[in-house]
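The sequence and the model are shown first.

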Amino acid sequence: RRAQADLASHVAAMEERMRESLSMGTAREASLQEQVQVLRSELLACSNMVDRLQAELQLARTQGAQAASKSAHVDTHMDELHSTIQQLTQSKARMQSSMLEQITSFRSQLEVVAEE
């Protein structure tokens with residue numbers, strides 16, 4: 001009988017430990033599920049942030065390309081203006097030289113008329 005009582009006590013203790021273990025396992029599983037939900041939420045937030053940053057990067061690249069194109073256009077326009085200014089300066093110098101020659105010729109003609 002004593003052995004039977006010891007065995008029954010041992011079985012009861014084992015059953016209690018199994019219930020505690022099962023209870024702890026259930027609590028641990030609930031905790032892990034909660035952690036999984038938190039991590040999923042953080043992953044979604046990170047994914048949204050990556051999408052937003054990729055969109056901002058694409059916008060910045062587009063704006064950079066547009067700025068580079070505009071800069072190239074402005075550079076071309078500046079080169080054209082510089083060339084025009086050089087041409088006008090050369091034309092002005094030729095015209096001044098021609099006018100000086102004409103003035104010199106008129107003076108010579110006036111001197112000839114005055115001497116006559």
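## A nonpolar patch

Which residues make a nonpolar surface patch of about 260 Å²? The patch is made by Val-74, Met-78 and Leu-81. A patch consists of residues with over 30% relative accessible area and no salt bridge; nonpolar side chains (Val, Leu, Ile, Met, Phe, Trp, Tyr) are joined within 5 Å, and like charges within 9 Å. Accessible areas come from the Shrake-Rupley method with a 1.4 Å probe, and for residues only the protein chains shown count as cover. Met-78 has its place in helix α1.

## Basis of the model

The model is predicted: local features need pLDDT of at least 70 and side-chain atom pairs count only at pLDDT 80 or more, while totals for chains, interfaces and linings use all residues. Residues are numbered from 1 along each chain as its sequence is written, and side-chain values use heavy atoms, with hydrogens and water left out.

## Overall form

The protein chain has one helix and zero strands. Both terms refer to DSSP runs numbered from the N terminus (helices: H or I, at least four residues; strands: E, at least two). Helix α1 covers residues 2–115.

The C-alpha trace spans about 170 × 15 × 10 Å along its principal axes. The radius of gyration of the protein chain is 49 Å, whereas a compact globule of 116 residues would have one near 13 Å. This radius is taken over C-alpha atoms, and the globule rule is 2.2 Å times the number of residues to the power 0.38.

Of the 116 residues in the protein chain, 0% are buried. Here buried means under 20% relative accessible area and exposed means over 50%, with partly exposed in between (1.4 Å probe, protein chains only). The protein chain exposes about 10,800 Å², and carbon and sulfur atoms supply 59% of that area.

## Charges and salt bridges

There are 12 positive and 16 negative side chains in the protein chain, and the centres of the two sets lie 16 Å apart. Lys and Arg count as positive, Asp and Glu as negative, and His and the chain ends are not counted. Each charge is placed at NZ of Lys, CZ of Arg, CG of Asp or CD of Glu.

The count of salt bridges is two, where a salt bridge is a side-chain nitrogen of Lys or Arg within 4 Å of a carboxyl oxygen of Asp or Glu. One joins Glu-16 to Arg-19, with the closest N and O atoms 3.2 Å apart. Both residues lie in helix α1, three residues apart, about one turn of the helix. Glu-16 is partly exposed at a relative accessible area of 36%, and Arg-19 is partly exposed at 49%.

The side chains of Arg-52 and Glu-56 also meet in a salt bridge, at 2.8 Å from N to O. Arg-52 and Glu-56 are separated by about one helical turn because they are four residues apart in helix α1. Arg-52 counts as partly exposed at 43% relative accessibility; Glu-56 is partly exposed with a relative accessible area of 39%.

## Distances along the helix

Met-49 and Gln-37 are twelve residues apart in sequence and 18 Å apart in space. For Ala-65 and Arg-28 the values are 37 residues and 54 Å. Ala-12 and Ser-105 are 93 residues apart in sequence and 137 Å apart in space.

Met-49 is partly exposed with a relative accessible area of 44%. Ala-65 is partly exposed at 49%, and Ala-12 counts as partly exposed at 39% relative accessibility.
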